[in-house]
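Hi,

Here is the structure I said I would pass on.

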Amino acid sequence: MTAATATTPAQSAPAVRVTRSQRNVAWTGAVALIIVAVLGYLPYLVYSGTTTILVQGFIVLTLASMWNLLAGYAGLVSVGQQAFVGLGAYFVLILAIHGISPFAGLPVAAIGCGVVALPLWWLVSRLRSGYFAIATWVLAATIMLIIERFSSIGGGTGMPMPGFAGLAPTLLTAYTYWAALAVTVLALLGIYLILRSRLGLVLTAIRDDETAARSSGARTGLARLLVFLIAGAGCGAAGAVLAISQLQVQPSAVFSISWTAEMAFATIIGGIGTIEGPIIGTAVFMVLQQTLQSYNAWYLIILGLVAIIIALFARRGLWGLVDDHLSVRLFPVGYWLHDIPPGTGQLPGS
Amino acid sequence: MAWVNAVIQGILTGGLYALFACGLSLMFGVMKVVNLAHGDLAVVAGYIAIGIIFVTHVPVLWSFLIVVPVMAALGYALQRTVIQTALNRSVLTTLIVMFGLSQVIENGLLQFFSANTRGIGANLALVTESFNLGSQIQIAWLLIVIFAAAVAVLGGLQYFLSRSQYGRLIRAVADDTEAARLSGADHRHVFGIAAAIAFGTVALGGIAYGMYSQLDPTAGTDTILLFAFAAVVIGGLGSLWGTLLGGIVLGIAQQIGAQLNISYETLAGYLVFLAILVIRPQGLIATGTQS
């Protein structure tokens with residue numbers, strides 16, 4: 001009897017194979033490249049009204065992806081990300097006043113926001129979860145109040161963006177569109193690479209069970225700091241695109257809490273904790289916003305209500321519903337466990 | 001003399017901020033909910049008061065008798081449904097839901113009542129009258145009344161939580177929900193009662209702010225929530241009297257800032273808040289039990 005159980009080979013050595021995706025991802029990469037190429041060619045095909053709407057979409061998608069990294073992976077619910085949107089816009093404005101083209105100022109603004117995020121993290125990281133959330137909000141309000149003190153950059157009323165003189169309107173719209181597209185593609189690519197890296201493994205562990213992650217030796221504090229800096233830079237880049245596309249910077253508009261509301265709602269509706277979620281969420285957001293744009297704030301009210309319902313009853317959002325039925329990942333950031341005998345199994349949290 | 005005046009005015013407005021803060025503090029202390037919709041709910045209470053006064057022509061102060069129970073009932077209902085459901089999911093879900101609620105309320109108010117500012121009881125003697133201390137210091141009766149109300153609310157809450165039977169039950173559930181449940185406490189009902197009390201104080205704060213200043217849809221977050229939070233952090237998380245101290249420190253900082261330059265008022269308050277966060281993150285009165 002005992003000898004018979006001891007010699008069952010399948011029990012002692014489970015034969016599994018670990019891959020990062022269920023099927024060959026080459027076609028996903030190819031499709032992504034084609035989509036980016038088509039989007040890049042778009043200014044030659046469509047009217048500037050369409051690209052202007054798409055620029056808005058790119059801004060929201062970049063913001064939502066950053067917020068997803070913060071809240072969905074690092075567990076940092078920041079409601080003060082508008083601080084970085086505003087700072088990004090003001091970095092571009094200040095550089096433009098000193099004669100640097102806003103398009104050249106954009107990457108500087110992103111890096112600047114990432115640098116500013118460091119001391120801000122030092123301030124707010126003393127507080128946890130809910131109090132962290134309001135502290136980031138207070139911080140955003142404080143930064144706006146400080147910036148409003150400087151009349152040389154427009155004070156409380158803001159000022160138009162200089163540095164576009166001599167640029168034909170069509171060319172300006174196209175450049176703005178390409179800048180927005182580049183920011184979004186880089187943001188998504190960056191997040192994808194981060195999540196596939198060692199940092200991504202720590203973040204996924206925090207997302208699934210923070211206590212377990214910490215007791216396994218994951219440096220959760222460092223991971224959170226890095227995410228806060230990256231999200232600061234990403235939201236700053238989006239803010240810079242916003243300033244360029246609006247052609248003016250007004251403190252109450254760029255530091256508006258609506259930015260955080262939009263990025264949070266888009267992320268939650270699409271599916272928090274996945275790269276695909278914010279993309280779906282942004283699509284839903286843009287459709288609602290464009291449909292209801294003549295009804296003022298209604299799109300935010302409806303989005304907020306939908307986000308509350310999804311957060312309560314379908315936590316994985318719209319992408320979660322797709323995933324449940326089709327089991328697809330557009331971005332292979334997890335790990336799949338394949339039994340060598342037929343049948344596949346998924347590691348928890350991949 | 002102007003500086004003495006600033007300090008006196010600061011102490012008195014501190015009472016108002018403490019009134020804002022105690023509901024936030026209570027909900028976090030008992031069910032670990034950070035009510036991001038706190039300020040917007042205060043504005044809702046103020047708007048309900050304005051509506052009641054407009055429709056029924058009751059005296060302004062009588063509106064409290066209607067609005068406070070209405071908000072308390074709303075608090076109980078919201079806690080038993082939406083907030084409890086969110087709490088059963090996770091801390092993250094609760095935060096997201098409260099933030100969603102805040103934005104939905106704020107934009108809803110904007111949509112239905114426009115961005116116009118509205119005051120409560122603007123021609124009431126209580127709101128307009130003041131008395132003089134010496135030749136330069138003028139003190140509004142309203143601020144004295146609000147300060148007294150804040151002290152009464154905080155004292156009453158402190159007494160209720162530490163001395164009464166039900167207060168002990170609330171503290172038991174707050175300290176260890178599981179153990180309290182094993183001893184037969186209905187934690188959901190207790191949470192509901194705590195939310196009702198918190199929302200009652202929110203109503204007081206909203207109406208008081210409407211009388212002291214002007215209400216508009218964005219006042220809920222721009223002023224009430226952020227000031228309440230600053231008062232809670234300055235005073236020390238989880239301490240009711242610390243909240244009053246925090247409110248007073250915030251009020252004095254704002255008034256001194258305003259004395260330097262009227263546009264520094266809000267900024268000075270936030271800078272003191274950030275300084276406290278750096279120097280003494282546990283707040284001025286640290287209880288050491290909650291973070």
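Helix α3 of chain A lies largely in the open, because zero of its 16 residues are buried, burial here taking 20 or more other C-beta atoms within 10 Å. Keep in mind that this is a predicted model. The length of α3(A), residues 26-41, works out too: at 1.5 Å a residue it should span 22 Å, and its end C-alpha atoms are 23 Å apart, which agrees.

As for the rest of chain A, there are 16 helices and five strands, and 46% of its 350 residues count as buried. If you take the contacts between residues at least 6 apart in sequence, 77% of them join residues at least 24 apart.

Two backbone angles are worth a look. Most residues other than glycine have a negative phi. Leu247(A), though not a glycine, has a positive phi of about 65°. You'll find Leu247(A) in the loop between α11 (220-246) and β3 (248-249) of chain A, and it counts as partly exposed because it has 13 C-beta neighbours inside 10 Å. Over in chain B, Lys32(B) has a positive phi near 60°. That residue sits in the loop between α1 (2-31) and α2 (38-56) of chain B and is partly exposed, with 15 other C-beta atoms within 10 Å.

Then there's the interface: 34 residues of chain B are in contact with 34 residues of chain A. On the chain B side, α3 (63-89), α4 (91-113), α10 (219-235) and α12 (265-279) each supply at least two residues, with the largest share, 15 residues, coming from α4(B). By type, that side of chain B divides into 23 nonpolar residues, ten polar and one charged.

Cheers

Key. Residues are numbered from 1 along each chain as its sequence is written. Chains are lettered from A and ligands numbered from 1 in the order in which they are written. This is a predicted model: local features need pLDDT of at least 70, side-chain atom pairs count only at pLDDT 80 or more; totals for chains, interfaces and linings use all residues. Two residues are in contact if their C-beta atoms, placed from the backbone, lie within 7 Å. Helices (H or I, at least four residues) and strands (E, at least two) are DSSP runs, numbered from the N terminus. Ala, Val, Leu, Ile, Met, Phe, Trp, Tyr, Cys and Pro count as nonpolar, Asp, Glu, Lys and Arg as charged, and the others, Gly among them, as polar. A residue is buried if 20 or more other C-beta atoms lie within 10 Å of its own, exposed if 12 or fewer, and partly exposed in between; C-beta atoms are placed from the backbone. The expected span of a helix is 1.5 Å times one less than its number of residues.
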